[in-house]
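Student: Could we go through this model together, one question at a time?
Tutor: Gladly; here it is.

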Amino acid sequence: MIDATLTTLLAVQNETASSFGEGPGSWTIGLVLVVLVSLGALLAAGQTLKRKPESHIDPAILRNFNKRVTSWLTICVMLVIALMLHRSVTIALFGFVSFWALREFITMTPTRRGDHRTLFWVLFGFTPLQYVLVGIDNYDLFTIVIPVYASLFIPARIAFAGDHKRFLERTAKIQFGLLICVYSLSHSAALLNLKLAKWNADEGEWEAWQNDTYGLLFFFIAIVQVSDILHFLWDRLFGRHVIAPAVNATKTWEGLLGAACCTSLVGMVIQVVLPVTPFTWWGAGFMALIISIMASSGSMTMSAIKRDRGVKEHGTLVLGHAGVLDRIDSICFAAPIFFHLTRFFTDAERKGIEVVVEQSVAAVTTGMSCFSAMV
Amino acid sequence: MKQVTVPVLAALAKVLSGATVRWIGCEPETCQRIYFANHTSHLDALVLWASLPKNIRNLTRPVAAVDYWQSGPVRRYMATVFNVLLIDRKKIKVHNSPIDMMLREIGDVNSLIVFPEGSRNLSGKMGEFKSGLFHLAKKRPDLELMPVYIDNLNRVMPKGEFLPVPLLSCISIGAPIWLESGESKAEFLQRARKSVLKMKDS
């Protein structure tokens, strides 16, 4: 048993050694270390402040901050372990998180007895299926199986169960839960599948990007974390104009914009110091900006759902659970957008925006010539 | 064999129901107790039993109907694993009172899990309590009667379903009650029912 584990570990080490061996691969490890160390430092700072009774910081804020940092550190450590083991372990980890988040989501939204079988298929059918499709890298299916097939299956199955009370509401709840907790989150695992190209400014052409996509995934998760923490700090330090007090009393416009700008800067710095993504430095800044805005949108949306359901933190509905949904709401909203933007701009085959421009120009030219021929 | 299956099944029940256990105004103890709970799912007895700490679990026996737990080999095996105290609902007579049998079985060591509503209800509202709890309290005034509210388990496995949807459930155990001197049966049962309902919101 131990022998087998050792052999696997050695094999993994060799594998990582070869894939991380030369050049940019080691940047991923660098980023991982930087993130872990800075989270550790934040945790230590938070704990020290907690023990100092004379500090002027509100203990409630400090507790909230410490809780966030601890959960982020847990997520990072789990992710790093999964990344070190195997690609499929990472995808399975995301699948498990999705399952748990969906479980929390359905727990806090009232469903009726007639939904029981539908929920069973959603949790044990579509959720694993989505991650299997990500695992086997079937892009065509994994992008449509939930928004199309599951969206049709859910209302039909509820209708067959014969309970028509609040039909649309119940259908929408299950569809939304599946879309956010499973479909959206699976896009972050799908980042590992991307085959990317990098713009070589010296040569003036696109070339295949040699680095591993683990770095891309970790860049994404790290940026969401940074955005979350910055949003929190900006709200507390400079927040004046609350966006929607009825939805969330702490989220401010200053926080949203400040966090977006600062996150963008952090994205640029990461890309310049540790080039783990195929983006240019300004491209990384742009991506970080979008990630930050989407992450804030995710937290706002979840706040609205919580307010509507009358739960302050999803997790406290059932005490003792950490509230997985609370921690991943920002990742869920940012993941599909980041995935598609990355794919659009740096995919190995599409080579980004210039193809679209070329095609549009060609289409317009054809249209013009047809028009002139008709005239 | 049982040393393995009991912890495995208990862990499975806990994972499946995602049960959080809250002891409100009381502590887990090994003294003789009657846990009385609302009944909404087949899993109730199993999950409540599984969520007790191990040393208490070993002393606690769920009371259940023989017609359900003796049908089929799986259920029969489960009944032995969970040490279920089986009551024949059809053969209840004056001379064959299940109360006497329960008291005989627990002696001065074991605790019991009972569902005073009698059977699972479909409406989601808690039914009226049957008088068994009152007789137990009258005959053994030293037993601690612990109100338990089981939340959300009816959504994990409602009546008539056989596939569970593993949502998160919550088990709230409240401070014990006893039969007051001079308290009538109806009054006591009403109070016991309210004590369970109170756990829902606390």
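Student: In which loop of chain B is the place of Asn83(B)?
Tutor: A word on conventions: this is a predicted model, in which local features need pLDDT of at least 70, side-chain atom pairs count only at pLDDT 80 or more, and totals for chains, interfaces and linings use all residues. Residues are numbered from 1 along each chain as its sequence is written, while chains are lettered from A and ligands numbered from 1 in the order in which they are written. Helices (H or I, at least four residues) and strands (E, at least two) are DSSP runs, numbered from the N terminus. Asn83(B) sits in the loop between α5 (73-81) and β4 (85-87) of chain B.

Student: What is phi of Asn83(B) near?
Tutor: Most residues other than glycine have a negative phi. Asn83(B) is a residue other than glycine with a positive value, near 60°.

Student: Why does Asn83(B) count as partly exposed?
Tutor: A residue is buried if 20 or more other C-beta atoms lie within 10 Å of its own, exposed if 12 or fewer, and partly exposed in between, with C-beta atoms placed from the backbone. Asn83(B) counts as partly exposed because its number of C-beta neighbours inside 10 Å is 16.

Student: Turning to chain A, does Asp137(A) count as buried or exposed?
Tutor: Asp137(A) lies in the loop between α5 and α6 (139-142) of chain A. Its phi is positive, about 60°, although it is not a glycine. With 12 C-beta neighbours inside 10 Å, Asp137(A) counts as exposed.

Student: And Ala189(A): which residues does it touch, leaving out those up to four places away in sequence?
Tutor: Ala189(A) is part of helix α8 of chain A, and it counts as buried because it has 25 C-beta neighbours inside 10 Å. Two residues are in contact if their C-beta atoms, placed from the backbone, lie within 7 Å. On that rule, Ala189(A) touches Thr90(A), Ile91(A), Phe94(A), Tyr131(A) and Val134(A).

Student: Which elements give two or more residues to the side of domain 2 of chain A that touches domain 3 of chain A?
Tutor: Domain bounds come from an automatic or database domain assignment, and chain A is divided into domain 1 (32-50 + 57-85), domain 2 (90-193) and domain 3 (202-370). The C-alpha centres of domains 2 and 3 of chain A lie 23 Å apart, and their contact takes 17 residues from domain 2 and 19 residues from domain 3. The elements on the domain 2 side are α4 (87-108) and α8 (167-190) of chain A.

Student: Which elements give two or more residues to the side of chain A that touches chain B?
Tutor: The contact between the chains takes 14 residues from chain A and 13 residues from chain B. The elements on the chain A side are α4 and α5 (116-135) of chain A.

Student: Within chain B, which residue is the bridge partner of Thr20(B) in β7(B)?
Tutor: Two strands pair if DSSP finds at least two bridges between them. Strand β1 (residues 20-23) of chain B runs parallel to β7(B), joined by four bridges, while strand β6 (residues 144-151) of chain B pairs with β7(B) in the antiparallel sense, also over four bridges. Ile150(B) stands opposite Ile171(B), and the partner of Thr20(B) is Cys170(B).

Student: Which residues of strand β7 of chain B are buried on each side?
Tutor: In a regular strand the side chains alternate between the two faces of the sheet. Both faces of β7 (residues 170-173) of chain B are covered, with buried residues Cys170(B) and Ser172(B) on one side, and Ile171(B) and Ile173(B) on the other.
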